[in-house]
Amino acid sequence: MDKVVATAQEALADVADGASLAVGGFGLSGVPDVLIQALYATGTTGLRVVSNNCGVDGAGLGILLAAGRISRVTGSYVGDNKEFARQYLSGELLVELTPQGTLAERLRAGGCGVPAFFTPAGVGTQVADGGLPWLYAPDGTVAVSSPPKEVREFDGRSYVLEHGITTDFALVRAAVGDRHGNLVFHRAARNFNPLAAMAGRITIAEVEQLVEPGVLDPDEIHLSGIFVQRVVELTAEQAADKRIEKRTVRH
């Protein structure tokens with residue numbers, strides 16, 4: 001039951017080229033930076049990433065993106081990542097954009113063994129009708145576009161069929177975790193982390209504070225250890241190293 005792994009490098013040792021990854025975080029909040037940096041150091045490439053966004057220039061998943069290690073992104077927010085935009089528009093990156101709530105439910109559904117579900121989000125748009133540019137050709141034309149999805153009516157309202165997501169691995173960050181993999185997230189860092197963890201067949205969690213089993217009140221646990229296979233304890237310096245995507249101040 002002890003799922004603690006000594007180092008991030010050891011925890012990521014079996015992540016191969018072309019692996020699919022669900023990665024927690026929203027902007028730079030709750031991003032598993034230590035695991036991402038360790039994955040960068042391995043040289044693994046051709047990664048297929050599912051995440052709300054792909055980090056920012058020079059941070060989060062943006063590190064792997066800038067190195068050309070990511071081949072496909074399924075996400076809901078492009079943000080201010082200039083390198084992401086450049087790779088997408090130049091045909092270097094396949095991008096599947098999906099409504100944010102739909103992405104969250106696709107991850108949750110995959111983790112719960114639900115293969116597909118119907119949602120009203122996207123009905124009457126290219127999300128349902130198809131035609132969203134997934135991959136551009138070098139000349140700027142669309143090389144791959146999204147396919148149409150099944151639309152069905154329930155109680156007089158139209159809904160589009162969306163598929164659950166499962167990935168080879170998931171990388172998440174938690175404020176507190178125990179040796180059994182039970183996790184607690186801090187405020188906004190909770191965002192997509194529990195959902196990404198559910199979707200991964202092998203989930204690796206970096207935790208800012210490691211506690212012994214039984215310390216966490218069961219009512220305080222946000223994610224059960226059943227969804228987590230490996231735990232990496234961060235150093236005090238790693239736990240404190242948190243960037244703010246857009247700093248705002250009040251006069």
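Biologist: What covers the buried residues of H4?

Modeller: The cover includes helix H3 (62-66), strand S4 (70-75), strand S5 (94-97) and strand S7 (133-136). Contact here just means heavy atoms within 4.5 Å. Keep in mind that this is a predicted model: local features need pLDDT of at least 70, side-chain atom pairs count only at pLDDT 80 or more, and totals for chains, interfaces and linings use all residues. Residues are numbered from 1 along each chain as its sequence is written, and side-chain values use heavy atoms, with hydrogens and water left out.

Biologist: Which residues of H4 are buried?

Modeller: Glu83, Phe84, Gln87 and Tyr88. They span an arc of only 130° around the axis, which puts them on the same side of H4; the arc is taken over the directions from the helix axis to the C-beta atoms. Lys82 and Leu89 are exposed on the other side of H4. For the cut-offs, buried is under 20% relative accessible area, exposed is over 50%, and partly exposed is in between, with a 1.4 Å probe and protein chains only.

Biologist: What happens at the two ends of H4?

Modeller: At its start, a side-chain oxygen of Asn81 comes to within 3.2 Å of the backbone nitrogen of Glu83. Just after H4, Gly91 has a positive phi of about 85°.

Biologist: What makes the Glu83 and Arg86 pair a salt bridge?

Modeller: The rule asks for a side-chain nitrogen of Lys or Arg within 4 Å of a carboxyl oxygen of Asp or Glu. In this pair the closest N and O atoms are 2.9 Å apart, so the pair meets that cut-off. The two residues are three apart in helix H4, which separates them by about one helical turn. Arg86, at 40% relative accessible area, is partly exposed.

Biologist: Where else does a helix have such a pair, three residues apart?

Modeller: In helix H5, where Glu105 and Arg108 are separated by about one helical turn. Their side chains meet in a salt bridge at 2.8 Å, N to O. Glu105 has 26% relative accessibility and Arg108 has 31%, so both fall in the partly exposed range.

Biologist: How far apart in sequence are Asp168 and Arg201?

Modeller: Asp168 and Arg201 form a salt bridge at 3.3 Å, N to O. Asp168 lies in strand S11 (residues 167-178) and Arg201 in strand S13 (residues 200-211), so the pair ties together parts that are 33 residues apart in sequence. Asp168 counts as partly exposed at 27%, whereas Arg201, at 51%, counts as exposed. The structure holds 15 salt bridges, and Arg173, Glu206, Glu208 and Lys242 are linked in a network of them.

Biologist: Why is Thr203 called buried?

Modeller: Its relative accessible area is 0%, so it sits under the buried cut-off. Thr203 is in strand S13, and leaving out residues up to four places away in sequence, it touches Ala170, Val172, Ala197, Phe227, Val228, Gln229 and Arg230.

Biologist: How do you know that two strands pair?

Modeller: DSSP has to find at least two bridges between them. Three bridges join S7 to strand S8 (residues 142-145), and these strands run antiparallel, so the pair qualifies. Tyr136 stands opposite Val142 in S8. The hairpin of S7 and S8 has five residues between the strands, and Gly140 takes a positive phi near 95° there.

Biologist: Which order do the strands of the open sheet follow?

Modeller: Three strands run S6-S10-S9, with antiparallel pairing. Strand S6 (116-119) and strand S9 (151-154) are at the edges with a single partner strand each, so one side of each has no neighbour in the sheet. The twist averages 40° from one strand to the next. S9 and strand S10 (residues 157-163) are joined by four bridges, and Val151 stands opposite Val160 in S10.

Biologist: What lies across S6 and S10?

Modeller: Helix H5 (residues 100-111), running at about 155° to S6. Angles go from 0 to 180 degrees between N-to-C directions, using lines fitted to C-alpha atoms, for helices over the stretch in contact.

Technical notes: A polar contact is a pair of N or O atoms within 3.5 Å; within protein, one must be able to donate a hydrogen and the other to accept it, and residues adjacent in sequence count only if both atoms are side-chain atoms.
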